[in-house]
Amino acid sequence: MRSYGYKRVLFFGFSLLISVIVLISLTSTISLNRIQNLFTETYSVSMSSLTQTQQAGATLNALQSAMKDVVMSRSETELKAALDSVAIHDSQMKAHFASLSEKYPGNLMLTELMTAYVAWEPIRMQTLELMKSGEYALAQELTNVRGGLQVELIGIRMQQLTDSMREASEARYNLAAETVRESQNLIYGLTAFLFLLTVIASVFIVQWLSRYERALVREREQLRQSREHYRMLYTSMMNGYALHEMIFDKDGVPCDYRFVDVNPAFETLTGIRREDCIGKTVIEVLPSTEDYWIETYGKVVMTGEPIRYENYSAEIDKYFEVYAFRPIENHFAVLIADVTERRRLDSLVHKEREQLRITFESIGDGIITTDRRSHVTLLNRVAEEMTGWTSEDAVGKPFLEVFNIINAQTGERGKNPVEEVLTTDSVCELANHTILVSKDGTKRHIADSAAPVKDTEGKTTGVVMVFRDVTEKKRVEKLLRASEEKYRLMTEFTSDVIWVYNVLRDVFTYCSPSVYQQRGMTPDEVVGASLEDVLTPESYIKTQKAFEENIRNFINDPERSNSFINEIEQPCKNGRVIPIETNSKFHYNAEGEIEVIGVSRSLEERKKAAYEIEYASYHDALTGLYNRRKFEMKLEQIDGENTFPVSIIMGDVNGLKLINDAFGHSNGDEILSRIAEILKTECGADACVARHGGDEFSAILPGATYDQASRIVKKIRKRCVEETSNELMLNISFGIGTKENASDDLNMCYHLAEERMYTSKLLEAKSIRNTIISNLRTVMEEKTGETQKHCERIADLAHKIGEQMGMQSYEIEHLELLALLHDIGKTGIPDYILLKTQKLTEDEWRIIQKHSEIGFRIASTMPELVPIADGVLSHHERWDGAGYPRGLVGDDIPVMSRIVAVLDSYDAMINDRPYRQAMTEEEAIGELKRCAGTQFDPKVVDIFLNRVLVS
């Protein structure tokens, strides 16, 4: 009872202590929240006011600058642009005043500021009047003097407003500081109270420890008794135990070990008595011990890694399982167990498993076993053949993925028999009309049953499925039903024509309704007709001969298979002749007369497919033109006929790889298809136009002279120019070779055309590349929204910083080119991502980041851009290694990329963008300084700010 009362007091004390801690935490949290709210409010108000006044100041400067541009204008275009700028900045100033008035209604300083701005408007209007009357000097003086003074007054009023806002912010900061002091005093008081409670709790804990010491004495006694208990267990355990000390030679290599202790079970199992081994080495006890065992146990002692193995003792004809481990340093212990009986049982189980495996593999039915999750665990050979799955591939797969069954009548997926067995815990059989679809699509009618597999406790651990192929049985049943029901079911389930022909009477006695779809005839029009009536004359003779050859074999041995296949032609009702394949078989009818049962299948689709295969072997899949194989066959044919004149045109599409990299392969495929259409149209119907693969085309023009071929090439070039656009650049280099007389070699003409094509390609290469670069820049401007002026501005800055950094002239040229084309890879980014106004997803951002690599591939394909290719790839790398695509750090980033990164960011900051207004130069400079050493190269930033901008 005293112990129980003490625990209650201790529990109450600690509960009180925890409650106080929680109270202090809550109080501190509330105080800190108040502080945070005050600081947040202060920061929000200060930043909002500062930002608003800074923006108003920037707009005021821009408006004054625009007014100066007005008075400096000397043309209508310049004046209109300057007036538009004045109107824009005037509306922005009024918007700033409206926003500030809404935030600070009734503010006297804001009212004075707005009054000063309104007073400036008549001065601006008077300036415009002077400009209209042509008094430019007076307008300039009015703007610079009165306008300048008024702008200075507005700036003073704006500074006064800013100062008043700053004073309000300081008041809020002072309030927040006072709140902090109050919170600190509260927390100090609560902490002192907590310290006092801790002292009181410590007294209780000391008393508790004294009681715990007495309890520890009792536990030691219990431990002694426990040790005695385990000693008794050690001596009476059934497993043998022996402790050994390892003996090392002078080199520290294990050479022997000494018996330290053994239990009675060890003596019984090994026959070694305790008094004969304790204190002795294993060599003394067992002289025949091999060095292998000393080395093995030595590894256990030296590494501390235990080992487990089984060993056979020939002396006592027993198997032992041995487990050796290191209990203390330089010692090892072994636990041994007699596993002779287990080995005997394992042998019996293995023998039974082998017998089961042989039976499993030899049985004629398919067998599949599963676990409780309906996952396959085993297939026999027959199941592998019928499902198309190997046992290795199927194990672990869901049952229905391997055992794909459908209903033969509905085509729907069959019910899972394994799930049914696991649910009902009983044997079940498949429904009728079940078809097994193998992995390769082969379908078989099957019959099966599934039964649960139970363990020794009667719990279901899986399912065994036994099934067999009843396809042949189903086929026989189908034939029997067809015979009994006048072939009705057979005709309903096949699109082929089934017929019966009586050989003796030369008449058809049955024809299925599908003859109407095949030949346009009704069954009544066929039944009663002779063999000659339904065949073409050639097919009639062929079929009679086949019947005569096979009927003798049937009469000699009716049981022998006598089916035969024949390919014939049959006339349709509309007079069209179609190819037919017949599969026929002789049999005796009920009257003992010989009949032929046959199936006729139309070969039109098969022949059509064969034609399509032949077409595909001679035509290019993308353009529909002939392929190289057909072209070479045509060339060989014309050469053999010794035809002349004949001209050969060879063409190679220019810049296709670059276009594929810049705009995607779909754009490249469209270019190839357009060029193919132009070639096919302009070369004429008699020409053999082919695509050799990739970007090469060729055409054979029988009867065409060199001049005629040249005119055709000019027409093709003209069409390509007419159909060219920024993203669809149709440009192809040509070469012509002509066989003028019989002595000319056509193959030499072909090679001559090819050489001329490559020569033309080399001559036109620079012009073509310049055109492509120009188009890429146009497309880049359209897709990215980066204007030509933006690129030119950073190119100009690049020239200046290159001079300041002491670059060579050619290096400065490369730097300017990189400034113009650093974002060229964005031509390969989909428009929906580039023009998206919402936040990009992670996948879309990864696509955007690919533009550096796309730009690198584009630049690498053009000699003029190769010097800047690495710069294009690296212009989004960061000085601290957090950039992309390669995560380069510091000086590993190409210097041109580091320069362009600074210039591009600076120009973007000081100019308006659709999604934000421009910063002031001071703000942009501050941002560059802030990011120097993380995003930007600090040396480049220093040179740019202190040399380029200053100059």
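Let's start with helix α8 (residues 291-303), which lies across β1 (240-248), β2, β3, β4 and β5 and runs at about 75° to β2. Contact here means heavy atoms within 4.5 Å; axes are lines fitted to C-alpha atoms, for helices over the stretch in contact, with angles from 0 to 180 degrees between N-to-C directions. Helices (H or I, at least four residues) and strands (E, at least two) are DSSP runs, numbered from the N terminus. This is a predicted model, in which local features need pLDDT of at least 70 and side-chain atom pairs count only at pLDDT 80 or more, while totals for chains, interfaces and linings use all residues. Residues are numbered from 1 along each chain as its sequence is written, and side-chain values use heavy atoms, leaving out hydrogens and water.

The strands form an open sheet of 5, in the order β2-β1-β5-β4-β3, with antiparallel pairing; two strands pair if DSSP finds at least two bridges between them. At the edges, β2 (254-262) and β3 (307-313) each pair on one side only. From one strand to the next, the twist averages 30°. Between β4 (residues 318-325) and β5 (residues 331-338) there are 6 bridges, and Glu321 has Ala337 in β5 as its bridge partner.

Now move along to helix α21, where Phe631, Leu635 and Ile638 are buried (under 20% relative accessible area; exposed is over 50%, partly exposed in between, with a 1.4 Å probe and protein chains only). Seen down the axis of α21, the buried residues fall within an arc of 70° (taken from the directions from the helix axis to the C-beta atoms), so they line one face of the helix. On the other side of α21, Glu636 and Gly640 are exposed. After α21 comes Asn642, with a positive phi near 55°.
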